[in-house]
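The following note sets out points for the colleague who is reviewing this entry. Please read the numbered paragraphs alongside the display.

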Amino acid sequence: MKRNIQCNACGRKIKEENGLLREDIFEGKKEWGYFSRNDLKVDTFYLCEDCYDKLIANFLIPVKREDKLEVL
Ligand SMILES: [Zn+2]
């Protein structure tokens with residue numbers, strides 16, 4: 001099943017093979033709630049790794065990044 005995922009920031013198509021993405025991407029999903037202008041809206045977007053790195057490089061406070069202890 002093809003999902004035809006594109007990076008929302010740069011528009012690049014993410015390569016897929018047999019329904020699996022051939023690269024790792026950031027997947028953002030937010031269900032907005034009551035105290036929000038966007039109440040009852042559900043937002044979803046994808047960022048390729050390059051765009052993700054560019055985005056977090058602009059953060060005032062860096063993302064929390066830990067080493068994974070085990071690879072499943
Ligand atoms: Zn991108």
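1. A salt bridge is counted here when a side-chain nitrogen of Lys or Arg lies within 4 Å of a carboxyl oxygen of Asp or Glu. The model is predicted, so local features need pLDDT of at least 70 and side-chain atom pairs count only at pLDDT 80 or more, while totals for chains, interfaces and linings use all residues. Residues are numbered from 1 along each chain as its sequence is written, and side-chain values use heavy atoms, with hydrogens and water left out.

2. The structure contains 2 salt bridges. In one of them, the side chains of Arg12 and Glu23 meet at 3.1 Å, N to O. This pair links distant parts of the chain, 11 residues apart: Arg12 lies in the segment before strand S1 (16-17), and Glu23 in the loop between S2 and S3. Strands (E, at least two residues) and helices (H or I, at least four) are DSSP runs numbered from the N terminus.

3. Arg12 counts as partly exposed because its relative accessibility is 33%, and Glu23 counts as partly exposed at 22%. The classes are buried, under 20% relative accessible area; exposed, over 50%; and partly exposed in between (1.4 Å probe, protein chains only).

4. Glu17 and Arg22 form a salt bridge, with their closest N and O atoms 3.9 Å apart. Glu17 is partly exposed, with a relative accessible area of 44%, whereas Arg22 is exposed, with 51%.

5. The largest nonpolar core has 10 residues: Ile5, Cys7, Ile14, Ile25, Tyr46, Leu47, Cys48, Cys51, Tyr52 and Ile56. Strand S4 (42-47) and helix H1 (49-57) each supply at least two residues of this core, and the largest share, 3 residues, comes from H1. Such a core is a set of buried Ala, Val, Leu, Ile, Met, Phe, Trp, Tyr and Cys residues joined through side-chain atoms within 4.5 Å.

6. Tyr46 is located in strand S4. Tyr46 counts as buried because its relative accessible area is 19%. Between Tyr46 and Lys64 there are 19 Å in space, C-alpha to C-alpha, and the two are 18 residues apart in sequence.

7. A surface patch of negative charge gathers Asp24, Glu49, Asp50 and Asp53. Patch members have over 30% relative accessible area and no salt bridge, with like charges joined within 9 Å. Asp24 sits in the loop between strand S2 (20-21) and strand S3 (26-31). Asp24 counts as exposed because its relative accessibility is 64%.

Definitions and conventions:
Patches are made of residues with over 30% relative accessible area and no salt bridge: like charges are joined within 9 Å, nonpolar side chains (Val, Leu, Ile, Met, Phe, Trp, Tyr) within 5 Å. Accessible areas come from the Shrake-Rupley method with a 1.4 Å probe; for residues, only the protein chains shown count as cover. Lys and Arg count as positive and Asp and Glu as negative; His and the chain ends are not counted. The place of a charge is taken as NZ of Lys, CZ of Arg, CG of Asp or CD of Glu.
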